[in-house]
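Biologist: Please take a close look at the pockets in this model. I would like one connected account, with the cut-offs behind each term.

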Amino acid sequence: MGGIAYYNGELFDRNEARIPLSDRAIFFGDAVYDMMIGEGGNIHQADEHIARLLFSANTIGIKHRYSAEDIYDLLELVVKSSSLNSYRIYIQLSRDSASREHSYLSSRGTNLLITAEEYRIVRDIEEIKLISTEDRRYRFCNVKTVNLLPAVLASAEAERAGCDEAVFIRDGFITECAHSNISILLGDTVYTHPLSDVILPGITRRHLLLGALSSGFKCREERFGIGELFRADEVIVTSTTKLLRRATHVDGAAVGGRNLSA
Ligand code: PDD
């Protein structure tokens with residue numbers, strides 16, 4: 001897989017890039033990230049992704065010298081240098097390079113990693129199957145950190161079951177999926193979990209709500225359970241890389257399919 005990588009001021013072929021062992025992202029996952037897609041010079045919703053990256057860094061106290069403009073300029077540099085036409089960008093800001101001590105109070109710097117790789121953007125509404133599983137993540141889900149083990153395990157569990165995504169259940173309510181948000185359409189209303197520390201404030205989720213409102217639907221940011229998934233007219237799964245997908249099955253039982261046309 002080709003592409004390009006930027007690490008602390010230097011550009012590399014994506015396959016050649018190396019990160020020093022001392023990067024706190026390696027020992028502690030002490031880093032935040034974001035993911036974007038783009039075409040030509042247009043990095044989709046770049047401002048919103050950059051704002052979320054800075055929010056994530058700020059929330060866990062990663063001190064850095066980057067303004068939103070600096071980050072945008074670096075993303076542009078990486079995209080231009082890559083000569084890619086349709087791409088996916090990963091950006092990661094880690095706290096420091098240091099010997100392995102848990103506390104970070106003596107941290108002085110940050111490491112910035114950006115990669116761009118070819119990515120085909122699918123605009124058709126894909127149909128997907130879900131499994132449900134317990135949400136075993138901690139309470140920082142609104143911060144996009146690289147601590148993704150529960151999402152990794154749940155994604156493998158979904159794949160093992162022949163499914164595409166895992167939907168998380170916490171205290172009897174649906175939160176989100178392993179790497180997407182989930183919403184349902186019931187009648188003329190779109191329901192989705194309210195913003196809190198148990199879901200990521202998804203940028204595609206926000207655009208779904210804005211689009212639904214401007215098309216005359218009502219939107220309610222309210223918790224719902226697995227029973228509502230089965231009663232929903234549509235089960236809608238959103239993420240930057242896959243845009244809007246419609247779930248047809250949860251745990252092998254048919255759901256939705258009563259409103260969106262594929
Ligand atoms: N995933 N929830 C989680 C836990 C996510 O990891 C993601 C994104 C989303 C959707 O957010 P957005 O619409 O802003 O992409 C919700 C990215 C794409 C990933 O890690 O691959």
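Modeller: Helices (H or I, at least four residues) and strands (E, at least two) are DSSP runs, numbered from the N terminus. The model is predicted: local features need pLDDT of at least 70, side-chain atom pairs count only at pLDDT 80 or more, and totals for chains, interfaces and linings use all residues. Residues are numbered from 1 along each chain as its sequence is written, and side-chain values use heavy atoms, leaving out hydrogens and water.

A pocket here is an open set of points on a 1 Å grid over the protein atoms alone, with protein on both sides within 12 Å along at least five of seven lines; a cavity is a set where a 1.4 Å probe fits but cannot get out, and lining residues have an atom within 4 Å of a point. Points are joined across faces, edges and corners, and a volume is the space filled by probe spheres set on them.

The second largest pocket holds about 200 Å³ of space. Its lining takes its largest share, four residues, from α5. Among the lining residues are Ile203, Thr204, His207 and Leu208, together with Arg123, Thr240, Leu243 and Leu244. By class, five are nonpolar, six polar and one charged. In this scheme Ala, Val, Leu, Ile, Met, Phe, Trp, Tyr, Cys and Pro are nonpolar, Asp, Glu, Lys and Arg charged, and the others, Gly among them, polar.

The largest pocket has a volume of about 930 Å³. It is lined by 41 residues, and Tyr33, Lys144, Leu148, Ala178 and His179 are the closest to its centre. Two or more lining residues come from each of β3, β5 (86-94), β6 (111-118), α4, β9, α5 and β13, and α4 gives the most, with five. The lining divides into 17 nonpolar, 13 polar and eleven charged residues.

The ligand sits in the largest pocket, in the sense that more than half of its atoms lie within 2 Å of the pocket's grid points. Around the ligand are 19 residues, the closest being Arg52, Glu176, Ile203, Thr204 and Thr240; each has a heavy atom within 4 Å of it.

A side-chain N or O atom of Glu176 is 2.6 Å from a ligand nitrogen, while a polar backbone atom of His179 is 3.3 Å from a nitrogen of the ligand. A ligand oxygen lies 2.8 Å from a backbone N or O atom of Ile203. Taken alone the ligand exposes 480 Å², of which the protein buries 91%; these areas come from the Shrake-Rupley method with a 1.4 Å probe, and for residues only the protein chains shown count as cover.

Key. A polar contact is a pair of N or O atoms within 3.5 Å; within protein, one must be able to donate a hydrogen and the other to accept it, and residues adjacent in sequence count only if both atoms are side-chain atoms.
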